[in-house]
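Okay, thanks for making the time, everyone. Let me put the structure up and then we'll go from the whole chain down to a few details.

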Amino acid sequence: MNDFTADVIVVGAGPAGSAIGAYLAGAGHDVIILEKSGFPRDKICGDALTPRAVREIGHLGLETPESEGWHRNRGLRLIGGGHRLEIDWPDIDGTPNYGLTRPRMGMDEAFARHARRSGARLFEQVKAMSPDLGDDGWIRGVHASGTDHRGRRVGPDAYFRAPIVVAADGVSSRLGVAMGLAKRDDRPMGVAVRSYHTSPRHDDDYIESWVEMRSTNPAGQTEVLPGYGWLFPMGDGTINIGTGLLDSSPQFGSVDLRAVMRQWIADMGHEWGIDESTALGPIKSAALPMAFNRTPHFHRGLLLLGDAGGMVNPFNGEGIDYALESARLAAEVISTYARYPKRIMRERLTEYPALIGDSLGSYFTLGRVFSAIIGHPALMHFGIKYGMGVDVVMEFVVKLLANLYRDSSASEADLIDRVISTLTRIVPATSNA
């Protein structure tokens with residue numbers, strides 16, 4: 001068995017794992033990142049980054065040139081209740097006023113290569129199989145195995161040793177589960193399906209979100225389809241189209257989202273020049289772990305990042321920006337205390353979940369309330385019918401859904417900023433402990 005030692009072991013080379021690897025390696029730490037697949041590899045996702053995520057990429061120092069597949073957009077187009085609104089991303093100091101799209105097939109590889117250039121040791125096609133625990137119950141490494149290009153175990157086995165281990169292994173978080181961290185049933189969960197299509201509108205200036213999807217049935221009657229939909233221009237001749245549903249919906253678990261998307265495309269696809277013939281592959285599905293649905297985020301030497309810790313926005317299903325933010329905050333704590341005596345280091349690493357909670361806890365609490373409300377079709381229909389025609393209401397919605405608002409203490413903060421900022425201060429924080 002091969003044996004490797006490092007300061008930190010990171011399991012998973014998605015945006016969260018690669019980002020923390022880059023941060024820590026850049027700070028002089030010996031970091032090993034384990035990725036069960038080989039790059040390039042796909043991830044079921046909407047592929048869109050709001051300005052909040054673009055800001056995190058800036059912190060990371062990763063370049064996003066159009067020549068490498070990064071496509072800019074200027075805002076969000078909302079459709080529902082007979083309304084169609086285009087709202088530009090707000091101008092907030094320190095945050096870009098544009099979003100980005102790039103297929104995860106290339107995006108994740110860009111993050112991983114950036115981590116390698118920063119000095120992290122990246123092991124592709126190596127799967128963490130189980131944690132190795134010391135006599136005190138704290139993790140001290142992981143047992144791993146070589147995999148084929150599909151992530152299936154083929155050997156050889158290896159052992160990776162470090163005093164700190166990071167789980168950035170996605171929604172299922174095999175490592176987190178092995179450490180006794182199960183998903184929480186008191187947090188919202190979503191499911192989404194997506195596919196790629198060629199489209200003449202592949203370079204549209206706006207990403208598009210359908211808060212209400214409608215279709216015409218065989219009897220010629222218009223019906224509301226369950227869930228929400230999106231169309232994201234990728235700038236490379238294609239668009240990413242998908243639909244999602246929260247578990248607060250009465251149809252959750254009983255509706256075929258693939259069939260819903262086909263029905264929706266058949267009804268509105270002409271707007272984007274898409275139909276069955278423009279599809280570039282099958283419709284694929286993924287779970288969306290929301291609002292800290294796996295906690296605590298630090299447990300006996302293991303830190304949870306991104307999807308592994310349920311850090312998906314309940315308002316819009318976005319997870320990449322929170323994956324990147326959790327990586328940055330975890331790296332700050334680890335880099336500060338990694339070389340302290342073991343007892344002190346372990347005590348101080350508890351600052352990581354506290355930082356994540358301070359940053360996202362109250363906002364995720366609001367998101368949990370939102371997810372419960374939209375699970376009631378009558379309330380959702382009322383909000384769409386009477387809210388989408390009011391500009392100030394929709395500006396509030398976009399700022400809230402995208403988590404893009406100024407702190408109320410900022411001189412440039414407007415009334416909407418102050419309302420959202422106040423809400424996130426007065427509501428109790430969603431626990432990540």
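So, overall size to begin with. A compact globule of 433 residues would have a radius of gyration near 22 Å, and this protein comes out at 22 Å, so the two agree. Bear in mind that we're looking at a predicted model. If you'd rather think in boxes, the C-alpha atoms fill roughly 65 × 50 × 40 Å along the principal axes. Of the 433 residues, 55% count as buried. And if you take contacts with a sequence separation of 6 or more, 71% of them come from residues 24 or more positions apart.

In terms of secondary structure, we've got eleven helices and 22 strands. UniProt, in an unreviewed entry, lists residues 6–329 as "domain: FAD-binding". That span is 20% helix and 35% strand, and its end C-alpha atoms sit 20 Å apart.

Now, on to a helix pair. How do H2 and H6 pack against each other? H2 is residues 51–60, H6 is residues 320–337, and they pack at an angle of about 35° with their axes 8 Å apart. The crossing of H2 past H6 is left-handed. On the H2 side, the residues involved are Arg52, Ala53, Glu56, Ile57 and His59, and they meet Asp321, Tyr322, Leu324, Glu325 and Arg328 from H6. Sort the residues of that contact by type and you get four nonpolar, one polar and five charged.

Thr64 sits in the loop between H2 and strand S5, which is 71–73. Is Thr64 buried or exposed? The cut-off for buried is under 20% relative accessible area, and Thr64 has 18% relative accessibility, so it counts as buried. Leaving out neighbours within four places in sequence, Thr64 touches Ile57, Trp70 and Leu100.

You'll find Ser421 in helix H11, residues 415–426. Its relative accessibility is 2%, so Ser421 is buried by that cut-off too. What does Ser421 contact, once we ignore neighbours within four places in sequence? That would be Tyr405, Arg406, Asp407 and Ser408.

That's what I had, so let's go to questions.

Notes
Residues numbered from 1 in each chain as written. Predicted model: local features only at pLDDT ≥ 70, side-chain atom pairs only at ≥ 80, totals over all residues. Heavy atoms only, no water. Axes fitted to C-alpha atoms, helices over the stretch in contact; angles between N-to-C directions. Helix = DSSP H or I, 4+ residues; strand = E, 2+ residues; numbered from the N terminus. Left-handed = near helix turned anticlockwise from the far one by under 90°. Contact = heavy atoms within 4.5 Å. Nonpolar A, V, L, I, M, F, W, Y, C, P; charged D, E, K, R; others polar. UniProt positions renumbered as here; feature names shortened; annotations may be inferred. Rg over C-alpha atoms; globule rule 2.2 N^0.38 Å. Buried < 20%, exposed > 50% of the residue type's maximum accessible area, 1.4 Å probe, protein only.
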